[in-house]
Amino acid sequence: ESVCGGCSARKVNDDWCYVQIHYSVLGVYRAYKRGKYPHADSSEVIASRHSIRLGSYANPSAIPIEVNIGLTEGMRQAGKRWTAYEHEWKSCDPLVSTFAMASCETVTDAIEAKNAGWRPYLTCKPSEVEEARAAGLVSCPYDAEDVSSPQCSDCGLCDGVQGGADKRPGIVSPIHG
């Protein structure tokens with residue numbers, strides 16, 4: 001619960017969640033143990049050539065808000081990209097919406113998130129994508145079937161309400177992973 005909060009994906013079954021622990025989290029842990037992740041303060045992260053993902057396996061709201069705001073503000077000023085997805089968007093500090101997407105499981109959730117000032121990111125069954133698009137969400141440019149489609153680190157659309165939630169649409173993606 002300290003990692004996933006009240007996310008409904010962890011309450012259903014392990015194969016519903018898009019975080020593939022045995023690949024992503026375990027891979028990061030093993031790389032860390034091999035010394036592939038040097039200690040870096042936020043200025044070093046911002047100065048690097050890399051984009052970042054806040055909360056790869058946890059909600060960004062688990063980190064003190066001032067840390068994430070400082071980091072993303074520095075990233076923005078340096079022209080760098082980040083992505084962030086918040087499952088606890090209904091109950092966390094609303095300022096998290098400035099740098100994170102509301103991670104949604106239904107079109108109804110996505111509409112509610114948008115009405116609450118968040119940009120929604122909805123993962124859904126392929127058969128539900130058109131309903132989400134009809135609700136104003138745009139398709140994620142990543143295509144699991146097309147190796148030339150942009151990766152999240154190249155895209156940068158999922159950076160919260162930068163520019164205003166009313167000016168930038170939410171994103172929908174069929175479940176993949």
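**Entry 1: the sheet.** I looked up the strands and found six in an open sheet, in the order E1-E2-E3-E4-E6-E5, with parallel pairing. The edge strands are E1 (52–54) and E5 (138–139), each of which pairs on one side only. I take strands as DSSP runs of at least two residues and helices (H or I) as runs of at least four, numbered from the N terminus. Two strands pair if DSSP finds at least two bridges between them.

**Entry 2: what I am working with.** This is a predicted model: local features need pLDDT of at least 70, side-chain atom pairs count only at pLDDT 80 or more, and totals for chains, interfaces and linings use all residues. Residues are numbered from 1 along each chain as its sequence is written, and side-chain values use heavy atoms, with hydrogens and water left out.

**Entry 3: strand pairs.** I went through some of the pairs. E1 pairs with E2 (residues 82–86) in the parallel sense over three bridges. Arg 53 has Thr 83 in E2 as its bridge partner. E3 (residues 101–104) is parallel to E4, again with three bridges, and Ala 102 stands opposite Pro 120 in E4. Four bridges join E4 to E6 (residues 171–174), also in parallel; here Leu 122 stands opposite Val 172.

**Entry 4: the crossover.** I noted that E3, helix H5 (residues 107–115) and E4 form a right-handed β-α-β unit. Right-handed is meant as follows: with the strands pointing away from the viewer, the path from the first strand over the helix to the second runs clockwise.

**Entry 5: E4.** Is E4 (residues 120–124) mostly covered or uncovered? I find it mostly covered, with five of its five residues buried. Buried means under 20% relative accessible area, exposed over 50%, and partly exposed in between (1.4 Å probe, protein chains only). On one side Pro 120, Leu 122 and Cys 124 are buried, and on the other Tyr 121 and Thr 123.

**Entry 6: cysteines.** I searched for disulfides, that is, pairs of cysteine sulfur atoms within 2.5 Å. The count is zero. Cys 140 counts as buried because its relative accessibility is 17%. Cys 152, at 44%, counts as partly exposed.
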